[in-house]
Amino acid sequence: MPFTDPGNNSSKVLDLSFDEGGRNSPVSFPKSKIKFVLFEGVHQKAVDMLQAEGFTVELLAGALAGDELVEKLKDARVVGVRSKTKLTAEVLKKCPKLMAVGCFCIGTDQTDLVQAEKQGIPVFNSPFSNSRSVAELIIGTVVSLSRRLTEQSHNMHNNSWQKTAAGCFEVRGKVLGIVGYGHIGSQLSVLAEAMGMRVIYKDRKKVLPLGNAVQKDTLDELLEQADYVTMHVPDTEETRYMIKAEQIKKMKKGSYLLNASRGKVVDLDALRDAMVSKHLAGCMVDVYPKEPAKNGLIKEQGVEIPLTGLSNCILTPHIGGSTKEAQEAIGVEVAIKMANFINKGDTDGAVNFPNITPPALKSGRHRIANVHKNVPGVLRQINNVLGDAGNVAFQTVQTEEHIGYLIVDVDSAVSDTVLNSIRDLTESERTRRIF
């Protein structure tokens with residue numbers, strides 16, 4: 001699957017006009033010298049696609065932290081991570097060569113988005129590619145909890161035959177309450193209705209329902225009506241611990257709570273109390289406020305999960321999107337976004353950066369991509385430069401809180417002058433040329 005425009009090949013030269021300090025000292029070199037470092041076993045399809053584009057790719061099976069991470073990234077132009085590699089502000093400040101970050105997952109909370117924006121580093125993710133995998137896991141878990149399958153399996157493994165219908169139910173006709181009706185929640189809605197469930201949902205905005213699902217005006221209304229409550233919200237100030245003891249008490253006695261969204265959405269101590277008191281008949285948790293940094297023993301890594309040992313409580317190690325299909329789709333999507341940024345300056349899908357999708361670069365043109373401080377007067381200075389540059393084939397600029405992002409296509413004969421003039425503006429942070 002090609003990333004570049006027709007006629008471009010993997011030896012295409014990119015003029016990376018910033019030095020280790022982030023500015024000036026133009027250096028032109030081929031794409032083979034642009035290094036991608038990918039952590040945590042990113043899918044091989046992503047590696048293959050990036051290498052086919054001519055980039056140098058280093059793949060690591062696990063995560064690194066602190067000085068080890070900084071050392072590994074000292075020559076990297078692009079870094080790819082999943083959930084365990086933490087790109088903090090301190091790490092990013094020590095990696096001035098970084099041009100882009102790819103989060104091979106839905107969430108981006110492992111990356112300091114504000115610091116990345118300030119450094120002119122777009123952060124890309126894959127918000128939709130694992131939606132089906134998460135939805136299927138929730139459907140399977142709803143059935144498992146309803147039939148107490150994990151408890152019965154445990155009995156059998158421990159030489160205990162306990163045939164009973166007590167506490168076991170069909171899901172047909174039951175009410176599934178979905179909190180967060182995005183790509184995962186809406187797919188889950190369709191699957192649940194196919195199994196005969198009634199679906200209600202709560203979202204912070206008005207969302208068109210699929211099938212016969214009904215949107216509720218308040219979270220309390222959903223909690224009071226649902227037999228199963230499943231969380232599918234991002235990690236924000238608004239969603240952190242939105243399900244505490246007060247909210248759980250409003251749920252039906254004998255209902256079920258599932259969370260495969262973010263670890264700080266549900267208060268696990270309150271959930272444990274509700275399970276011990278039998279107010280809830282079961283629960284499933286896939287994400288936690290603090291998670292182990294690597295596979296292995298949990299407590300030995302300083303992580304405590306207060307739900308262990310409870311009956312009809314399914315605990316999984318953040319595997320909602322961990323299917324081969326989802327990981328391949330995520331690898332392809334994020335690889336395309338990162339390569340398109342390097343090749344064309346395209347920032348479509350960046351979560352912390354102005355989103356610009358430039359047109360194909362025409363023959364005889366050079367593209368100047370510039371990141372500058374978002375302060376008054378910068379655009380006037382840029383236009384003064386371009387006013388003396390002759391014909392401008394394409395120009396656009398978008399801003400975020402801290403930075404502005406400019407893309408301009410000019411005649412190759414004047415690109416040196418335009419590049420140097422824009423790069424030398426006091427407010428310029430990063431400037432590069434693509435041809």
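Does Arg 433 count as buried or exposed, and what is its relative accessibility, in this predicted model? With a relative accessibility of 9%, Arg 433 counts as buried, the term being used for residues under 20% relative accessible area, with exposed meaning over 50% and partly exposed in between (1.4 Å probe, protein chains only). Because this is a predicted model, local features need pLDDT of at least 70 and side-chain atom pairs count only at pLDDT 80 or more, while totals for chains, interfaces and linings use all residues. Residues are numbered from 1 along each chain as its sequence is written, and side-chain values use heavy atoms, with hydrogens and water left out.

Arg 433 sits in strand β18 (residues 428–434); helices (H or I, at least four residues) and strands (E, at least two) are DSSP runs, numbered from the N terminus. Its side chain makes polar contacts with the side chains of Ser 415 at 2.9 Å and Asp 416 at 2.5 Å. A polar contact is a pair of N or O atoms within 3.5 Å; within protein, one must be able to donate a hydrogen and the other to accept it, and residues adjacent in sequence count only if both atoms are side-chain atoms.

The largest nonpolar core holds 31 residues, and Val 229, Met 231, Ile 243, Leu 257 and Leu 271 have the most contacts inside it. Such a core is a set of buried Ala, Val, Leu, Ile, Met, Phe, Trp, Tyr and Cys residues joined through side-chain atoms within 4.5 Å. Two or more residues each come from β8 (175–179), α8 (219–225), β11 (228–231), α10 (268–276) and β13 (280–285), and α10 gives the most, with five. Another core, of 29 residues, lies apart from this one and includes Ile 34, Met 338, Phe 341 and Ile 356.

Helix α7 (residues 183–194) has twelve residues, which at 1.5 Å a residue should span 16 Å, and the 17 Å between its end C-alpha atoms agrees; the expected span is 1.5 Å times one less than the number of residues. Among the buried residues of α7 are Ile 184, Leu 188 and Leu 191. Their cover includes α5 (131–147), β8, β9 (198–202) and β11, where contact means heavy atoms within 4.5 Å.

Strand β6 (residues 100–103) is covered on both faces, with Ala 100 and Gly 102 buried on one side and Val 101 and Cys 103 on the other. β6 pairs in the parallel sense with strand β5 (residues 78–81) over four bridges, pairing requiring at least two DSSP bridges between strands. Two bridges join β6 to the parallel strand β7 (residues 123–124), with Phe 124 as the partner of Gly 102.
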